[in-house]
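These are my notebook entries on a structure that I had not examined before. I record what I looked up, entry by entry.

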Amino acid sequence: MAAATMNPFFSQNINQNSLVPDWTSQEVSTGTTIMAVEYDGGVVIGADSRTTTGAYIANRVTDKLTPIHDRIFCCRSGSAADTQAIADVVTYQLGFHSIELDAPPLVETAANLFRASCYRYREELSAGILVAGWDQRRGGAGSPSQWGGSGSSYIYGYMDSNYKPNMTKDQCLELVGAAVALAMERDGSSGGVIRLASISEAGVERRVILGNQLPKCSTH
Amino acid sequence: MALSNVLETPLPGFNFDNAARNAALEGLYDGGQTPKPMKTGTTIAGVVFKDGVVLGADTRATSGEVVADKMCSKIHYIAPNIYCCGAGTAADTEKTTELLSSNLTIFSQTSGRNPRLVMAVNILQDMLYRYHGQIGASLILGGVDCTGNHLYTVGPYGSVNKMPYLAMGSGDLAALGILEDRYQQDMELDTAKELVRVAIHAGIMNDLASGNNIDICVITREGVDYIRPYQESEYKDSRYRPGTTPVLTKKVVPLKLEVVQESVQQMETI
């Protein structure tokens, strides 16, 4: 997972107008729960859909699963502007690289490109990014299961106990769906709908679990 | 414009560099209130409907607690098929949209293509991200191009969201309440206009920094209908209508222009 965090020094340097609420000048952040789980032949990624500016939900149907290439996605957490900008830069770099190479790029290459940007500008950026996808060689997400974002802290126990090696694609989808739902239940900065995608040689399958279809977690 | 603190972290503690300058500035006002930058307190909203996009905005611009402009225009022209509502610092939204409009016009003329909304959004995102939030512009872009009817919002830090309905500005919560309740997909034109009007009205009623009149801009394949004002404020000051101040004398002096020099240059023709 490529990560760079910093408390942004930049804030709107206009005189504080008391009529304007202060969340209008706060940076937009994807509070977030993001996950990636490998299976044999591909990877399943999932995320919640909440973007916040302070206490206000700026977008309740955000798509945090961003395509970087045909079979490579990234899951974004941290500052919305920073992660969108980095993703755009890496999409360009990877696209260029792929054309030069005349071959589909590796997930590892994409991850290294993210790392390069995140590390070089680590003082200015606030970004936590998961890179996952399929490629001819290894593909995957770097390790069998990865998760990130503010909501991920609440599901370490769930993942440790429920992740088993050699799961099928459907089992992975169920696991990721349930885990993100649990995180959304507990984390104020995560919520909305669950966006899932499964990436394999055949292609990318995207689906959405709406609010009323969320897996029922607790009894109260 | 280079940001001096991009590569160097600012020093901790107080920075008194501008103290002397600020003191001199305050001296000019002799104890009175120094001017505050003009902000468009604002309620802006946009809605995608069956045949296009409807954008709406209030018309109040505030400078601190004073209404600086009662009939401010917050729906800016970007291209014949693209308009942009701006909230935040008035100067920033004005200049940013003007810059965008110029760039897109040049692009249109050199490429022979009509500009698309995604291009406008990308240019804005690039610019606002580069300035790391120092440009206080929250924009709602709406328009119709060859790929369909689109509505985007760009935040001051450079984040972009694409939605079928949006509201921004200090009155956005009030407007969004209306939009969340009454938005439907594929609305007719009249329903959409009424929805945006009610949304902006909610912002005006519930937010002190929004007020006065409501402007509406309807963009469809056929063209643009910019209705300014769509709804006038009930609280208009009618004491100072045009004609209140009587004209006592009028003097018209035509400027005498004389031909100083006349020359004929042969043009080289092939």
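**Entry 1: Salt bridges**

I began in helix 5 (residues 189-206) of chain B, where Arg197(B) and Glu194(B) are three residues apart and therefore separated by about one helical turn. Helices (H or I, at least four residues) and strands (E, at least two) are DSSP runs, numbered from the N terminus. The side chains of Arg197(B) and Glu194(B) meet in a salt bridge, at 2.8 Å from N to O; the term denotes a side-chain nitrogen of Lys or Arg within 4 Å of a carboxyl oxygen of Asp or Glu. I noted that Arg197(B) counts as buried at 19% relative accessibility, whereas Glu194(B) is partly exposed at 36%. Buried means under 20% relative accessible area, exposed over 50%, and partly exposed in between (1.4 Å probe, protein chains only).

The model is predicted: local features need a pLDDT of at least 70, side-chain atom pairs count only at pLDDT 80 or more, and totals for chains, interfaces and linings use all residues. Residues are numbered from 1 along each chain as its sequence is written, chains are lettered from A and ligands numbered from 1 in the order in which they are written, and side-chain values use heavy atoms, with hydrogens and water left out.

How many salt bridges does the structure hold over all chains? I found eleven. One of them joins Arg138(A) to Glu38(A), with the closest N and O atoms 3.4 Å apart. Arg138(A) lies in the loop between strand 9 (127-133) and strand 10 (145-148) of chain A, and Glu38(A) in strand 3 (residues 34-39) of chain A, so the pair ties together parts that are 100 residues apart in sequence. Arg138(A) is exposed at 52%, but Glu38(A) is buried at 17%.

I then looked up a pair that crosses between chains: Glu180(B) is in helix 4 (residues 172-182) of chain B, and Arg60(A) in the loop between strand 6 (56-59) and strand 7 (65-69) of chain A. Their closest N and O atoms are 2.3 Å apart. Glu180(B) is partly exposed at 36%, and Arg60(A) is partly exposed at 41%.

**Entry 2: Cysteines**

I searched the whole structure for disulfides, pairs of cysteine sulfur atoms within 2.5 Å, and the count over all chains is zero. The sulfur of Cys74(A) has its closest cysteine sulfur in Cys75(A), 6.9 Å away, which is too far for a bond. For Cys118(A) the closest cysteine sulfur is that of Cys74(A), at 9.7 Å, again too far. Cys74(A) is buried with a relative accessible area of 0%, and Cys118(A) is buried with 1%.

**Entry 3: Chain B and confidence**

Chain B has five helices and 13 strands. Of its 270 residues, 46% count as buried.

I checked the pLDDT, the predictor's confidence in each residue, from 0 to 100. Chain B averages 87, and 90% of the residues score at least 70. Where in chain B is confidence lowest, and where highest? The lowest mean, 60, belongs to strand 1 (residues 39-40), and the highest, 97, to strand 2 (residues 44-49). For the complex, the predictor gives an ipTM of 0.75 and a pTM of 0.77.

**Entry 4: A residue in chain A**

Ser117(A) is in helix 2 (residues 107-120) of chain A and is buried, with a relative accessible area of 13%. Leaving aside neighbours within four places in sequence, I found Ser117(A) in contact (heavy atoms within 4.5 Å) with Ile86(A), Val89(A) and Leu125(A).
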